[in-house]
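I opened this entry to keep a record of what I looked up in the model, going segment by segment.

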Amino acid sequence: MWVFGNEAHGLAEDEHALCDAAVRVPIHGLAESLNLATAATVCLYASARVQRRA
């Protein structure tokens, strides 16, 4: 299961503690943040690619 936090603040500490792992989408260039929907798309696409390989 993927859990996505608030764009500005991420997950609350108690929510983060319940997660098995955390990932971040690296941002290159001058961008300060990545839209949550865009970040979710990147993560879900990567998951789908891995599942198709198996």
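**Before the helices**

I started with Asn6, which I found in the segment before α1; helices here are DSSP runs of H or I with at least four residues, numbered from the N terminus. The model is a predicted one, in which local features need pLDDT of at least 70 and side-chain atom pairs count only at pLDDT 80 or more, while totals for chains, interfaces and linings use all residues. Residues are numbered from 1 along each chain as its sequence is written, and side-chain values use heavy atoms, with hydrogens and water left out.

Asn6 has a relative accessible area of 45% and is partly exposed, a class that lies between buried (under 20%) and exposed (over 50%), computed with a 1.4 Å probe on protein chains only. I noted that the Asn6 side chain reaches the backbone nitrogen of His9 at 3.1 Å, where a polar contact is a pair of N or O atoms within 3.5 Å, one able to donate a hydrogen and the other to accept it, and residues adjacent in sequence count only if both atoms are side-chain atoms. Between Asn6 and Asn35 the C-alpha distance is 9.7 Å, with 29 residues separating them in sequence.

I then checked Phe4, also in the segment before α1 (13-17), and recorded it as partly exposed at 32% relative accessible area.

Leu34 sits in the loop between α1 and α2 and is partly exposed at 29% relative accessibility. Its C-alpha lies 7.5 Å from that of Glu7, although the two are 27 residues apart in sequence. Leu36 belongs to helix α2 and is partly exposed at 28%; from Leu36 to His16 I read 16 Å, C-alpha to C-alpha, across 20 residues of sequence.

**Along α2**

Ala39, Ala40 and Cys43 are buried in α2. Viewed down the axis of α2, the buried residues fall within an arc of 100 degrees, so they line one face of the helix, the arc being that of the directions from the helix axis to the C-beta atoms. On the other side of α2 I listed Thr41, Tyr45, Arg52 and Arg53 as exposed.

Definitions and conventions
Helices (H or I, at least four residues) and strands (E, at least two) are DSSP runs, numbered from the N terminus.
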